[in-house]
Amino acid sequence: MKKIAPSILSADLANLASEVKEVAEGGADWIHVDVMDGHFVPNITIGVPVVECLKEVSPLPLDVHLMIERPEEFIEPFARGGADVLTVHVEVCHHLHRVIAHIKAKGIKAGVAINPATPLGSLEEILDEVDLVLVMSVNPGFGGQEFIPGSLQKIRRLKDWLKQRGLEAVEIEVDGGIKIENAAEVAKAGADILVSGSGIFGLKDRKEALRRMREAIL
């Protein structure tokens, strides 16, 4: 079953607990948490303390996406803080296998993310070690960007690649510019987890947004 993961990057952070409760009641599957450091991406967002607070109020798994340099230094804090899924970028991990092994040793799911211009070949030696691959369909750093159409072909190629290697259990997550209007084609291309920020939190009725997105991807 395909999952929808609302991204709190577009939520009202002053009312985060109620925002999370609303999307959870509306049928979301995961809560996506974008962590940015102002170095790897041109923005600064949130850190471990917010994840710790979310863990206390969220009935859903916390999908933590580390868009930061030196992610290996933060695995322990985020795992201890309540992350259920921890995803790092291939572009910043010099010892990616070690980082993924460290995440899995914490008893949580490990993911690897790639930016729009990063070739799939960079994942060849790590695919059989991860639980998911996060395909960025915008250049990371800011919410509300437009979906990059070429991402669909990248998702299809990755899906075929996983099938050919007998790795169907590895989920494909797609993050960036996903809205009700394009959710169906992203899902059809092979996405298992759809991350949506402004596509859900940007609408007044979040439960209705989730209902419509769920209907679209089914």
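Contact here means heavy atoms within 4.5 Å. By that criterion, and leaving aside residues up to four places away in sequence, Ser 58 touches Val 20 and Ile 31. The model is predicted, so local features need pLDDT of at least 70 and side-chain atom pairs count only at pLDDT 80 or more, while totals for chains, interfaces and linings use all residues. Residues are numbered from 1 along each chain as its sequence is written, and side-chain values use heavy atoms, with hydrogens and water left out.

Ser 58 lies in the loop between α2 (48-57) and β3 (62-67); helices (H or I, at least four residues) and strands (E, at least two) are DSSP runs numbered from the N terminus. The side chain of Ser 58 reaches the backbone oxygen of Leu 60 at 2.9 Å. Glu 129 sits in the loop between β5 (109-114) and β6 (132-136). Glu 129 touches His 97, Ile 100 and Lys 104, again not counting residues up to four places away in sequence. Glu 129 and Ala 101 are 28 residues apart in sequence, with 7.9 Å between their C-alpha atoms.

The table lists accessibility; buried means under 20% relative accessible area, exposed over 50%, and partly exposed in between (1.4 Å probe, protein chains only).

| Residue | Relative accessible area | Class |
|---|---|---|
| Ser 58 | 12% | buried |
| Glu 129 | 29% | partly exposed |

The sheet is open and has eight strands in the order β1-β8-β7-β6-β5-β4-β3-β2, with parallel pairing; two strands pair if DSSP finds at least two bridges between them. β1 (3-6) and β2 (31-36) stand at the edges with a single partner strand each, so one side of each has no neighbour in the sheet.

In β4, five of five residues are buried. Val 85, Thr 87 and His 89 point one way from β4, and Leu 86 and Val 88 point the other way. In a regular strand the side chains alternate between the two faces of the sheet. Strand β4 (residues 85-89) pairs with β5 in the parallel sense over five bridges, and Thr 87 has Gly 111 in β5 as its bridge partner. Four bridges join β3 to β4, also parallel, and the bridge partner of Asp 63 in β4 is Val 85.

The chain passes from β3 through helix α3 (residues 75-81) to β4 in a right-handed β-α-β crossover; right-handed means that, with the strands pointing away from the viewer, the path from the first strand over the helix to the second runs clockwise. β4, α4 and β5 also make a right-handed β-α-β unit.

Methods. A polar contact is a pair of N or O atoms within 3.5 Å; within protein, one must be able to donate a hydrogen and the other to accept it, and residues adjacent in sequence count only if both atoms are side-chain atoms.
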